[in-house]
Amino acid sequence: IGLDSAMDLQREKWTVSPFSLLASAVYKNMLLVSEINKDVVDEAIDEARHLNNVYKDSGEGIGSSDHNHFIYNMLNGANLKTEWIDGSMTRVDENGKPLYLKNELPTKTMFEQGGNITKFNYSIGGF
């Protein structure tokens, strides 16, 4: 999405923001940073808008298991196959075999070594 569109999205009042869905998926190793593309971003926006319609004035709380289902919907909508295996959300390949994804998240050691983690911290500001 373009900068103007991104700024408009930032100004919207979200029940769960698309940025939060993306960051949570990355943080939970359900989505590699390198996999974030237009389809994934579009699905995050669609899922967030759907959640606004469902939850905005409902008075219902949103728990962590709800958030996992939102991520599940976003990933499957972007054709990143995800299944529930033994009660855990798991990314799978086209044959249904579990994928074990691992993002390299910044650590205190990286920060102490002068690593630039500003962009990452901004992207998961809700955590």
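Helices (H or I, at least four residues) and strands (E, at least two) are DSSP runs, numbered from the N terminus. Two strands pair if DSSP finds at least two bridges between them.

Welcome to the tour. This is a predicted model, in which local features need pLDDT of at least 70, side-chain atom pairs count only at pLDDT 80 or more, and totals for chains, interfaces and linings use all residues. Residues are numbered from 1 along each chain as its sequence is written, and side-chain values use heavy atoms, with hydrogens and water left out.

**Stop one: the hairpin.** Select residues 82–85, strand 1, and residues 88–91, strand 2; they pair in the antiparallel sense over four bridges. Click isoleucine 85, and you will find its bridge partner, serine 88, in strand 2. Two residues lie between the strands of this hairpin, and aspartate 86 in the turn has a positive phi of about 50°.

**Stop two: helix 3.** Now select residues 38–55, which make up helix 3. Color Val40, Val41, Ala44, Ile45, Glu47, Ala48, Leu51, Asn52 and Tyr55: these are buried (under 20% relative accessible area, with a 1.4 Å probe and protein chains only).

**Stop three: asparagine 53.** Zoom in on this residue of helix 3. Asparagine 53 has a relative accessible area of 69%. Finally, show tryptophan 14: its C-alpha atom and that of asparagine 53 are separated by 10.0 Å, although the two residues are 39 apart along the chain.

Conventions:
Buried < 20%, exposed > 50% of the residue type's maximum accessible area, 1.4 Å probe, protein only.
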